[in-house]
Amino acid sequence: MPVVNVSAAEEYQKYINADKTTVALFAADWAEQCGQVKDALEELAKITGEKLQFISLNAEQFPDISMKHQIEAVPTVIFFTKGSAVDRVDGVDIAAISAKSKKLAESASSAAATGQTLEERLKALINTAPLMIFMKGDRNGPRCGFSKQLIGIVNETNLPYETFDILGDEEVRQGLKTYSDWPTYPQVYVKGELIGGLDIIKELLANNELESTLKG
């Protein structure tokens, strides 16, 4: 399916809220680079087949939409899954747009193959181990200060646990925030139930309740 030029806000809403992931190019007629990105999206539309849908809209014609998504320059590409922005690429970075599109197409394929919805996938991941940590990086290489602190504290308990690197899976990263109604990472789960983030873990440690809580 080729890139669709969207000319009405209702049409835009219909696309981004569809079951298929939508790749939306925010463009402007005067910006040459937008043509390059649109050409790249046309090629990606051929490669990814029916797994993704591609749209283009004039950012200046839709100021409310552009403001909502903080479009500060064109071209900007935003990836939507069922109405939520799950990723974006600002500027002419064809390699990044291509990589992210292909990854989302693969996610759509695996979801179709397994018949798993995102919610089912998140539930399965949360229950991978009795003590499960969703973080930036992994236990051997935390990639943010909060995750590093958390792993240090949990390691002191000597309890077995598993980690999931949310930086490697944008769908899980965004989906889990909504699923658990917890906007930040790291997140700690015990037997499928959310315990909380670093502050909660520190609080439990200070109250000598950490080990018993993590054991469930």
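Which residue just after α7 takes a positive phi? D181 does, with a phi of about 55°. The model is predicted: local features need pLDDT of at least 70, side-chain atom pairs count only at pLDDT 80 or more, and totals for chains, interfaces and linings use all residues. Residues are numbered from 1 along each chain as its sequence is written, and side-chain values use heavy atoms, with hydrogens and water left out. Helices (H or I, at least four residues) and strands (E, at least two) are DSSP runs, numbered from the N terminus.

**Helix α7**

- Helix α7 spans residues 170-180, and its buried residues (under 20% relative accessible area with a 1.4 Å probe, protein chains only; exposed is over 50%, partly exposed in between) are E170, V172, G175, L176 and S180.
- These buried residues pack against β5 (84-90), α5 (118-126), β6 (131-135), β9 (162-165), β10 (187-190) and β11 (193-196), where contact means heavy atoms within 4.5 Å.

**Salt bridges**

- The structure holds 8 salt bridges, each defined as a side-chain nitrogen of Lys or Arg within 4 Å of a carboxyl oxygen of Asp or Glu.
- Within α7, R173 and E170 form a salt bridge at 3.9 Å, N to O; the two are separated by about one helical turn because they are 3 residues apart in this helix.
- R173 is partly exposed at 22% relative accessibility, whereas E170 is buried at 18%.
- E43 is partly exposed at 43% relative accessibility, and K46 is exposed at 63%.
- D87 pairs with K100 in a salt bridge whose closest N and O atoms are 3.1 Å apart.
- Since D87 lies in strand β5 and K100 in helix α4 (residues 94-114), this pair ties together parts that are 13 residues apart in sequence.
- D87 is buried, with a relative accessible area of 19%, while K100 is partly exposed at 26%.
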